[in-house]
Amino acid sequence: MKNGKIKSNYLRRMVMLGMFIALGVVISPILRIEGMCPMAHLINITCAVFMGPGYALLCALLIGIIRMMIMGIPPLALTGAIFGATLSGVFYKLSKGKIIAAVLGEIFGTGVIGAIVSYPVMTYLWGKEGLTWFFYVPSFIMGTLIGGSIAFLLLKRLEVTGALVKMQNSLKDEYVKEKEAA
């Protein structure tokens, strides 16, 4: 029975990850201009809060790859997502579940780190000229503020209704649940 329950939780996490990826690809064109994709930040933060930093990184990576392949988006789809998604989950975990920490992780990870990493990627790999190290910082921060605000409001509402904890618990690994109970 225990093995079946572990497989069930694994399947639930994979389905949820797949849904985040699909949703991220579909809604990413909303409000999108180059260097600013607020809906991606909404997905990054929500996935990080629901599933943790590892899944958030994987989600952002896969969304970025799919967007680059299907929509012809430049590598900003990766540099502008993976750092923020990961730090969103890490900050959320370190803060012991504060949603604002997840939003700040996304803002710092994408708005600062991702924006600065985008300079060499876009200059040397993509061949864009006339950029500076901080060229993408304003647009990345603006995008994270918009997407982060939406994510904050959504997650706060789920938290108030108790749905957030329910969803998080249903996605937890059985090993993690046993460890927390001990």
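Me: Why does S88 count as buried in this model?

Reply: The relative accessible area of S88 is 0%. Buried means under 20%, exposed means over 50% and partly exposed means in between, with a 1.4 Å probe and protein chains only; S88 is therefore buried. The model is a predicted one, in which local features need pLDDT of at least 70 and side-chain atom pairs count only at pLDDT 80 or more, while totals for chains, interfaces and linings use all residues. Residues are numbered from 1 along each chain as its sequence is written, and side-chain values use heavy atoms, without hydrogens and water.

Me: What surrounds S88, leaving aside its neighbours within four places in sequence?

Reply: S88 belongs to helix α5 (residues 82-94), where a helix is a DSSP run of H or I with at least four residues, a strand is a run of E with at least two, and numbering starts from the N terminus. Contact requires heavy atoms within 4.5 Å; on that basis S88 touches N44, I45, A48, A102, G105 and E106.

Me: Which backbone oxygen lies 2.9 Å from a polar atom of the side chain of S88?

Reply: The backbone oxygen of A102 does. A polar contact is a pair of N or O atoms within 3.5 Å; within protein, one must be able to donate a hydrogen and the other to accept it, and residues adjacent in sequence count only if both atoms are side-chain atoms.

Me: Why is C37 called buried?

Reply: C37 has 10% relative accessibility and therefore counts as buried.

Me: What makes the span of α7 agree with expectation?

Reply: The expected span is 1.5 Å times one less than the number of residues. For the 25 residues of α7 (residues 137-161) this should give 36 Å, and the end C-alpha atoms are 35 Å apart, which agrees. Helix α2 (residues 38-51), with 14 residues, reaches 20 Å from its first C-alpha to its last, close to the expected 20 Å.

Me: Which residues of α7 are buried, and what covers them?

Reply: The buried residues in α7 are V137, F140, G143, T144, G147, G148, A151, L155 and L158. Their cover includes α2, α4 (76-79), α6 (99-125) and α8 (163-171). An α-helix has 3.6 residues a turn, so residues three or four places apart point the same way. In α2, 14 of its 14 residues are buried.

Me: What makes the pair Y119 and Y124 edge-to-face?

Reply: Rings of Phe, Tyr and Trp (its six-membered ring) pair if their centres lie within 6.5 Å; planes under 30 degrees apart are stacked, over 60 edge-to-face and the rest tilted. This rule gives five aromatic pairs. For Y119 and Y124 the ring centres are 6.3 Å apart and the planes lie at 75°, so the pair is edge-to-face. Y119 is buried at 11% relative accessible area, whereas Y124 is exposed at 63%.

Me: Why is the pair F135 and Y136 called edge-to-face?

Reply: Their ring centres are 4.9 Å apart and their planes are at 90°, so the pair is edge-to-face. F135 is partly exposed at 43% relative accessibility, while Y136 is buried at 3%. One aromatic cluster is formed by Y119, Y124 and W133.

Me: How many helices and strands does the protein have, and what percentage of its residues is buried?

Reply: The protein has nine helices and zero strands. Of its 182 residues, 46% are buried. Among contacts with a separation of 6 or more, 68% join residues 24 or more positions apart.
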